[in-house]
Amino acid sequence: LGMIVNPVNSVVPAMAELYKKKGLDPMKIIGITTLDVVRANKFVGEIAGKNPNYINIPVVGGHAGTTILPLFSQDKIGK
């Protein structure tokens with residue numbers, strides 16, 4: 001189950017708990033946030049002096065601080 005929600009870091013764990021109570025596999029849930037990708041693209045665009053609409057930095061991991069990981073090397077401008 002892919003969930004595009006806000007705040008992703010609160011709603012996804014709540015849904016995982018609901019899945020557990022229903023006997024479903026909570027590991028089948030992922031949170032999707034475009035906001036982090038847009039932020040990474042804008043950051044790289046500002047640094048590189050390029051239009052962020054032509055940048056695509058994938059972001060994996062959590063939604064904050066120590067767990068969020070923008071994959072700058074996956075975009076030719078972000079390298």
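**View 1. Asn53 in the loop between helix 2 and strand 3 of the predicted model.** Asn53 is placed in the loop that joins helix 2 to strand 3, in a model that is predicted. The residue has a relative accessible area of 67% and is therefore classed as exposed. Along the sequence, Asn53 and Lys42 are separated by 11 residues, and their C-alpha atoms lie 8.4 Å apart in space.

**View 2. Ile57 in the loop between helix 2 and strand 3.** Ile57 is also found in the loop between helix 2 and strand 3. Its relative accessibility is 0%, so Ile57 counts as buried; Asn53, by contrast, is exposed at 67%. The C-alpha atoms of Ile57 and Asp75 are 5.9 Å apart, although the two residues are 18 positions apart in sequence.

**View 3. The salt bridge between Lys42 and Glu46 in helix 2.** Side chains of opposite charge can pair when their charged atoms come close. In helix 2, Lys42 and Glu46 are four residues apart, about one turn of the helix. The two residues form a salt bridge in which the closest N and O atoms are 2.3 Å apart. Lys42 is partly exposed, with a relative accessible area of 46%, whereas the corresponding value for Glu46 is 54%, so that residue is exposed. The count of salt bridges in the model comes to two.

**View 4. The salt bridge between Lys20 and Glu17 in helix 1.** Both Lys20 and Glu17 belong to helix 1, where they are three residues apart, about one turn of the helix. Their side chains meet in a salt bridge with an N to O distance of 3.1 Å. Lys20 has a relative accessible area of 48% and is partly exposed. Glu17 likewise counts as partly exposed, at 41% relative accessibility.

**View 5. The nonpolar surface patch made by Ile4, Ile30 and Ile32.** Ile4, Ile30 and Ile32 make a nonpolar surface patch of about 300 Å². Of these residues, Ile4 lies in strand 1, which covers residues 2-4. Ile4 qualifies as exposed because its relative accessible area is 69%, and exposed means over 50%.

**View 6. Arg39 in helix 2, shown with Ile4.** Arg39 is a residue of helix 2. At 52% relative accessibility, Arg39 counts as exposed. The C-alpha atoms of Arg39 and Ile4 are separated by 16 Å, and the two residues are 35 apart along the chain.

**View 7. The largest pocket and its lining.** The largest pocket holds about 230 Å³ of space. Its lining consists of 15 residues, of which Gly31, Thr33, Gly61, Gly62 and His63 are the closest to the pocket centre. Two or more lining residues come from each of helix 1 (8-21), strand 2 (30-32), helix 2 (34-48) and strand 3 (59-61). Helix 1 makes the greatest contribution to the lining, with four residues. Classified by residue type, the lining has eight nonpolar, six polar and one charged residues.

Notes: Residues are numbered from 1 along each chain as its sequence is written. This is a predicted model: local features need pLDDT of at least 70, side-chain atom pairs count only at pLDDT 80 or more; totals for chains, interfaces and linings use all residues. Side-chain values use heavy atoms; hydrogens and water are left out. On a 1 Å grid over the protein atoms alone, a cavity is a set of points where a 1.4 Å probe fits but cannot get out, and a pocket is an open set with protein on both sides within 12 Å along at least five of seven lines; lining residues have an atom within 4 Å of a point. Grid points are joined across faces, edges and corners, and a volume is the space filled by probe spheres set on the points. Ala, Val, Leu, Ile, Met, Phe, Trp, Tyr, Cys and Pro count as nonpolar, Asp, Glu, Lys and Arg as charged, and the others, Gly among them, as polar. Patches are made of residues with over 30% relative accessible area and no salt bridge: like charges are joined within 9 Å, nonpolar side chains (Val, Leu, Ile, Met, Phe, Trp, Tyr) within 5 Å. Accessible areas come from the Shrake-Rupley method with a 1.4 Å probe; for residues, only the protein chains shown count as cover. A salt bridge is a side-chain nitrogen of Lys or Arg within 4 Å of a carboxyl oxygen of Asp or Glu. Buried means under 20% relative accessible area, exposed over 50%, partly exposed in between (1.4 Å probe, protein chains only).
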